[in-house]
Amino acid sequence: MNFIVGILFFLIPFSLQEKELQEKPVEQLIVFIQKNDSNVSNDFSKNILPKIQQLTEKENIEYIVKNIEKNNIPKEVSYTPFIA
């Protein structure tokens with residue numbers, strides 16, 4: 001009987017930790033956008049970004065949209081929209 005109780009005390013914390021890990025996103029999708037009045041930019045913001053957000057929610061991926069200014073662009077971002 002003590003053996004079974006010992007196994008339960010051992011397994012329960014691990015199963016709780018596994019559940020916590022599954023609930024927290026472990027991947028990120030970052031979309032860099034730039035305020036622009038072009039038709040392509042507006043279409044992307046209105047039609048594509050919501051679909052990307054739905055997909056990231058479904059796949060449990062953290063979704064981040066960064067609106068950047070011309071003078072505040074990370075050197076890795078050479079165009080917008082840029083998905084990392």
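Q: Hi! Which residues line the largest pocket?
A: In this predicted model, the lining consists of Ile 33, Gln 34, Lys 35, Asn 36, Ser 38, Val 40, Ser 41, Asn 42, Phe 44, Ser 45, Thr 80 and Pro 81. A pocket here is an open set of points on a 1 Å grid over the protein atoms alone, where a 1.4 Å probe fits, with protein on both sides within 12 Å along at least five of seven lines; lining residues have an atom within 4 Å of a point.

Q: And what volume does the largest pocket have?
A: About 210 Å³, taken as the space filled by probe spheres set on the points, with grid points joined across faces, edges and corners.

Q: Which element gives the most to that lining?
A: Helix H2, with 5 residues. H2 (39-58) and strand S1 (28-34) each supply at least two. Helices (H or I, at least four residues) and strands (E, at least two) are DSSP runs numbered from the N terminus.

Q: How do the lining residues divide into nonpolar, polar and charged?
A: There are 4 nonpolar, 7 polar and 1 charged. Ala, Val, Leu, Ile, Met, Phe, Trp, Tyr, Cys and Pro count as nonpolar, Asp, Glu, Lys and Arg as charged, and the others, Gly among them, as polar.

Q: Let's pick Ser 41: buried or exposed?
A: Ser 41 is buried, because its relative accessible area is 17% and buried means under 20%, with exposed over 50% and partly exposed in between (1.4 Å probe, protein chains only). Ser 41 sits in H2.

Q: What does Ser 41 touch, not counting residues up to four places away in sequence?
A: Gln 34 and Asn 36, where contact means heavy atoms within 4.5 Å.

Q: New topic: how many aromatic pairs does the structure hold?
A: It holds 2. Phe 32 and Phe 82 form a tilted one, at 6.2 Å centre to centre and 55° between the planes. This pair links distant parts of the chain, S1 and strand S3 (residues 82-83), 50 residues apart. Rings of Phe, Tyr and Trp (its six-membered ring) pair if their centres lie within 6.5 Å; planes under 30 degrees apart are stacked, over 60 edge-to-face, the rest tilted. Both Phe 32 and Phe 82 are buried.

Q: And what order do the strands take in the sheet?
A: S2-S1-S3, in an open sheet of 3 strands with mixed pairing. Strands pair if DSSP finds at least two bridges between them.

Methods. Residues numbered from 1 in each chain as written. Predicted model: local features only at pLDDT ≥ 70, side-chain atom pairs only at ≥ 80, totals over all residues. Heavy atoms only, no water.
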